[in-house]
Amino acid sequence: MPEEAEEVINLRSQITFLQNRVKELEEENAKFSSRLSSCRCNELQEKRPKEKCENLGEERGEMNSGSKKSGRKKATSRTPGYDTRFLNHHPRRYVALKVMYFGQRFYGFALEAQMDPTVESEIFKALEKTRLLIGDKKEIQYSRCGRTDKGVSAIGQVIALYLRSKLKGSDAHNKHSGETVPEEQDGQPEGEIDYVRVLNGVLPKDIRIVGWCPVPSDFSARFSCLSREYKYFFWNDNLNLLVMETAGKKLIGEHDFRNFCKMDAVNVHNYRRNVMSFEISPCDMRFEGHQLYAIKIKGSAFLWHQVRCMVAVLFMIGQGLESPEVIDALLDTRTLRKPQYLMAPEIPLVLLSCEFEGLKFSCSSDAGQALHVHLENECRLYHLQAAIFQEALLSHLPLSIGAENKDSSSNGVTRKKASHIPLMSRATEPSYEERRAKLETAKLRA
């Protein structure tokens, strides 16, 4: 479907959203008009000409308290961009959103990153623009499932938060476990805001909401998650995949993975994690005689940079630079500290899915169609760009250069065996105990 079709769908979605918003504003206007008609400000002003009329919500005792003025401070906007005081009367519901993003231009997912843009900052801009937020981050009980790094993408990231709702009985404060959800119409509860359509209408092209689901108020996108699954794509440049898979199977089970991560001794004190499955499989893509493969790893949770560290060691094993037994040695944290080595590059890593009990994400047919058209157009665009690079490769590089580098790796790791220093012979990083001791010494000096 051409790109114009996507624009038409988005325009129709925005028109529908604006029409619904106009109806809501008309209802609010009627409510305020009714309140204004019963206002007694003029009467009180006549009785006390020297005292200014305060807010309608103040109690009569404060109005007649004599010379003392109310000590109330003006409420301030809790969310940048608009004042949420005027939205507090709206019903809200606690929902989980499934998020897809392509991480190449982002400095990670989390809003707390020192650089901008982040995926989270763009999502909150969209939430503010669509007036779906009611309150600040603490009030909306925001949580995220995974905190992906700079350049990492996701197909199944999940966040949870309170959003404005059109259903008056849907405030999850009154329902601890499971709401009474109206019958579904067009893929979502009848009469509810089409969160997917509304948000995708204002999000940048490399972020999309793919579904939403009502959740109980004690739900946490982080702690309610049963498992996370990652994929790491790579080209088979003469790698021994059988040996890599044998080594990868050693990672399955519960182990101390401190030698396969970037250690955060300030916030993380338990480095045991459970890897549930590991597999290497081919993808439906080839280039210059090389097959694209993917490593798929599933676990209950992962440490900082754990997947990229594991993949880096597996690449060394696949190139014949290390034996599969190095996995056993690195998992034995009693006798070995982490040797210094580079992680695998971030771009090929994708957060594939986050598993939760009983969650069923959905979206309207219009939103699903618009998402499908958008992804088709993006795929076409990237294939066109790949064709241009292919043309440049064929037109401007001598065949002799291509032949010399035919076996060079495109997975971000060196293939020179002569210069490789075995992991067991490398300098090691400080242990967890040494890092903690340094932190305690710094505290005493401060």
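Predicted model: local features only at pLDDT ≥ 70, side-chain atom pairs only at ≥ 80, totals over all residues.
A polar contact here is a pair of N or O atoms within 3.5 Å.

**View 1. Asn-240 caps the N-terminal end of helix α6.** Look for the side-chain oxygen of Asn-240, which lies 3.4 Å from the backbone nitrogen of Leu-242. The helix itself spans residues 241-249.

View 2. As background, an α-helix has 3.6 residues a turn, so residues three or four places apart point the same way. The partners that the buried residues of α6 pack against are the strands β7 (227-235), β9 (272-287) and β10 (290-299), together with the helices α7 (306-318) and α8 (325-331).

**View 3. Ile-295 sits in the largest nonpolar core.** This core has 87 residues, and Phe-260 and Ile-295 are those with the most contacts inside it. Helix α7 supplies the largest share, 10 residues.

**View 4. Asn-259 is a buried loop residue.** You will find Asn-259 in the loop between β8 (253-256) and β9. Its relative accessibility is 2%, so Asn-259 counts as buried, the cut-off being under 20%. Beyond its neighbours within four places in sequence, Asn-259 is in contact with Leu-330, Thr-333, Leu-336, Arg-337, Lys-338 and Tyr-341.

Key
Residues numbered from 1 in each chain as written. Heavy atoms only, no water. Buried < 20%, exposed > 50% of the residue type's maximum accessible area, 1.4 Å probe, protein only. Helix = DSSP H or I, 4+ residues; strand = E, 2+ residues; numbered from the N terminus. Contact = heavy atoms within 4.5 Å. Polar contact = N/O pair within 3.5 Å; in protein donor to acceptor, adjacent residues only side chain to side chain. Core = buried A, V, L, I, M, F, W, Y, C linked by side-chain atoms within 4.5 Å.
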